[in-house]
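Here are some quick notes from going through this one.

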Amino acid sequence: MSEEQAHKTLSDAGRKELLRFRVASVTGSWEATSFLQGDAIKSAIIGTHVTADFGTSGELTGSGGCNEYHATYTSDRGTIHIDQPSTQQRHCAEPPGIMEQEQAYLHALTLARRY
């Protein structure tokens with residue numbers, strides 16, 4: 001994305017720039033602090049790291065807290081579609097509830113529609 005495409009400006013009647021905004025982008029590294037689990041938004045289990053790394057070419061990688069995952073995504077003007085992630089098949093026993101949290105997170109990813 002060019003510098004001009006990455007920023008939008010708000011100008012006065014004389015075309016003097018008043019404000020400059022950066023266009024929203026999902027690209028980058030994110031850590032989930034809470035997400036839909038069952039029928040409620042719940043915090044991630046303390047000590048777990050639930051992450052999403054959105055690449056510039058539609059690749060999504062991260063950790064569900066136990067396993068690493070990979071998926072693809074498309075985004076356009078604040079909308080997003082994330083394909084079903086594929087994961088490693090490792091089982092983690094600690095902390096309690098981590099596997100249920102990971103399944104809920106991976107499912108919540110596929111429900112995302114806006115950012």
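This is a predicted model: local features need pLDDT of at least 70, side-chain atom pairs count only at pLDDT 80 or more; totals for chains, interfaces and linings use all residues.

1. Overall make-up. The protein chain has 2 helices and 10 strands.

2. Overall dimensions. What radius of gyration does the protein chain have, against that of a compact globule of 115 residues? The chain comes out at 18 Å, whereas the globule would be near 13 Å. The C-alpha trace spans about 65 × 25 × 25 Å along its principal axes. As for burial, 32% of the 115 residues count as buried.

3. The disulfide. Searching the whole structure turns up 1 disulfide. Its partners are cysteine 66 and cysteine 92, with an S to S distance of 1.9 Å. Which parts of the chain does the pair tie together? Cysteine 66 sits in the loop between strand E7 (59–63) and strand E8 (68–76), and cysteine 92 in the loop between strand E10 (86–87) and helix H2 (98–111), so the link ties together parts that are 26 residues apart in sequence.

4. Handedness and burial of that disulfide. The torsion about the S-S bond of cysteine 66 and cysteine 92 is about 80 degrees, which means the disulfide is right-handed. Are the two cysteines buried or exposed? Cysteine 66 counts as buried because its relative accessibility is 3%, and the cut-off for buried is under 20%. Cysteine 92 has a relative accessible area of 17%, so cysteine 92 is buried as well.

5. The largest pocket. About 410 Å³ of space lies in it. Lining this pocket are 19 residues, and those closest to its centre are Trp30, Ala52, Phe54, Leu109 and Ala112. Which elements each supply at least two residues of the lining? They are strand E3 (28–32), strand E4 (34–37), strand E6 (50–54), strand E9 (79–82) and H2. By residue class, the lining of the largest pocket divides into 15 nonpolar, 2 polar and 2 charged.

6. Salt bridges. The count comes to 2. In one, arginine 20 pairs with glutamate 17, and the closest N and O atoms are 3.0 Å apart. Arginine 20 counts as partly exposed because its relative accessibility is 49%, and glutamate 17, at 39%, is also partly exposed. In the other, the side chains of aspartate 76 and arginine 77 meet at 3.8 Å, N to O. Aspartate 76 has a relative accessible area of 45% and so is partly exposed, while arginine 77 is exposed, at 78%.

7. Phenylalanine 21. This residue belongs to strand E2 (residues 17–22). Its relative accessible area is 46%, so phenylalanine 21 is partly exposed.

Key. Residues are numbered from 1 along each chain as its sequence is written. Side-chain values use heavy atoms; hydrogens and water are left out. A disulfide is a pair of cysteine sulfur atoms within 2.5 Å. Helices (H or I, at least four residues) and strands (E, at least two) are DSSP runs, numbered from the N terminus. Buried means under 20% relative accessible area, exposed over 50%, partly exposed in between (1.4 Å probe, protein chains only). On a 1 Å grid over the protein atoms alone, a cavity is a set of points where a 1.4 Å probe fits but cannot get out, and a pocket is an open set with protein on both sides within 12 Å along at least five of seven lines; lining residues have an atom within 4 Å of a point. Grid points are joined across faces, edges and corners, and a volume is the space filled by probe spheres set on the points. Ala, Val, Leu, Ile, Met, Phe, Trp, Tyr, Cys and Pro count as nonpolar, Asp, Glu, Lys and Arg as charged, and the others, Gly among them, as polar. A salt bridge is a side-chain nitrogen of Lys or Arg within 4 Å of a carboxyl oxygen of Asp or Glu. The radius of gyration is taken over C-alpha atoms; the globule rule is 2.2 Å times the number of residues to the power 0.38.
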